[in-house]
Amino acid sequence: PPVERIAFYNKWQIPFAILVLFILAFGLYFKFKNTPLKQLWQQIRLPMAVAAILSTVSILLLHETSTFYIILLVMAWFSACTNFYYWIKNKKANFLKAGAPLAHVGFSLIIMGALISTSMKDVISVNTSGKSVEALGKGISNATNILLTQGDTLRMGEYYVTYAGKHKEGKDILYSVQYFKKDTATHKYIY
């Protein structure tokens, strides 16, 4: 496997997802053999405007800066809006005829959810103990892992963690780790 797995897979998965969303956005609007471009434009301009507004708001709220993520987010909104509009306009919002348009909306929303959840990822387990964890194995980095020894309390982002101990239940070994925050007013730990 590649060292930077996320970057490696994003390199080809994001453009592929953009292409799929593009096809989903227009797919239902094309007629067999002949689709006048003027008619296509009239049908997609309202959902395109709505998608542009929703995309802009989403980008601003998420503080997104990655070009590929922005394009993917715009295409997900565009696909969701065009297919929802197709269901309302062409299928008269009839649930019995909602199969393809709502499946496309659902797929677009799943892609959007995956994008938002991965773009909001923030590493809080930066090693602050002063003990190197890199000797524990290949792929273990001080930048993304923390080493807890029993009784130590270490900061993880805005939280604190303490390794309290371990005990055995049957053949399982269970580790007791306590997570808490520090109250800024009283400077006491809140579990």
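This briefing describes selected helices, strands and aromatic pairs of one protein structure. The structure is a predicted model, in which local features need pLDDT of at least 70 and side-chain atom pairs count only at pLDDT 80 or more, while totals for chains, interfaces and linings use all residues. Residues are numbered from 1 along each chain as its sequence is written, and side-chain values use heavy atoms, with hydrogens and water left out. Helices (H or I, at least four residues) and strands (E, at least two) are DSSP runs, numbered from the N terminus.

**Packing of helices α1 and α3**

- Two packed helices are described by the angle between their axes and the distance between the axes.
- Helix α1 (residues 5-27) packs against helix α3 (residues 67-90) at an angle of about 20 degrees, and their axes are 8 Å apart. Axes are lines fitted to C-alpha atoms, for helices over the stretch in contact, and angles run from 0 to 180 degrees between N-to-C directions.
- The helices α1 and α3 are therefore roughly parallel to each other (angles under 35 degrees count as roughly parallel).
- The crossing of α1 past α3 is left-handed, a term that applies if the near helix is turned anticlockwise from the far one by less than a right angle.
- Residues of α1 that meet α3 include Ile14, Leu21 and Phe22, and those on the α3 side include Phe68, Leu72 and Met75.

- Ser55 is found in helix α2 (residues 37-62). Ser55 counts as buried because its relative accessibility is 2% (buried means under 20% relative accessible area, exposed over 50%, partly exposed in between, with a 1.4 Å probe and protein chains only).
- Apart from neighbours within four places in sequence, Ser55 is in contact with Leu73, Val74 and Trp77 (contact means heavy atoms within 4.5 Å).
- Gln43 also lies in helix α2, and Gln43 counts as buried at 17% relative accessibility.
- With neighbours within four places in sequence again left aside, Gln43 is in contact with Tyr29, Tyr85 and Asn90.

**Aromatic pairs**

- Rings of Phe, Tyr and Trp (its six-membered ring) pair if their centres lie within 6.5 Å; planes under 30 degrees apart count as stacked, over 60 as edge-to-face and the rest as tilted.
- By this rule there are seven aromatic pairs. One of them joins Phe8 and Tyr9 edge-to-face, at 5.0 Å centre to centre with 75 degrees between the planes.
- Phe8 is partly exposed at 36% relative accessibility, and Tyr9 is partly exposed at 35%.
- Tyr163 and Tyr175 form a tilted pair, at 6.3 Å centre to centre with 40 degrees between the planes. This pair links distant parts of the chain, as Tyr163 is in strand β2 (residues 159-169) and Tyr175 in strand β3 (residues 172-182), 12 residues apart.
- Tyr163 is buried at 15% relative accessibility, whereas Tyr175 is exposed at 54%.
- Ring pairs also link Phe8, Tyr9 and Trp12 into a cluster.

**The sheet**

- Four strands form an open sheet in the order β1-β2-β3-β4, with antiparallel pairing (two strands pair if DSSP finds at least two bridges between them).
- Strands β1 (153-156) and β4 (189-190) stand at the edges with a single partner strand each, so one side of each has no neighbour in the sheet.
- Four bridges join β1 and β2 in the antiparallel sense, and Met156 has Tyr159 in β2 as its bridge partner.
- The hairpin of β1 and β2 has two residues between the strands, and Gly157 in the turn has a positive phi of about 65 degrees.
- In a regular strand the side chains alternate between the two faces of the sheet. On β1, Leu154 and Met156 form the covered face, and Thr153 and Arg155 the uncovered one.

How values were computed. Parallel < 35°, antiparallel > 145°, perpendicular 65-115°, else oblique.
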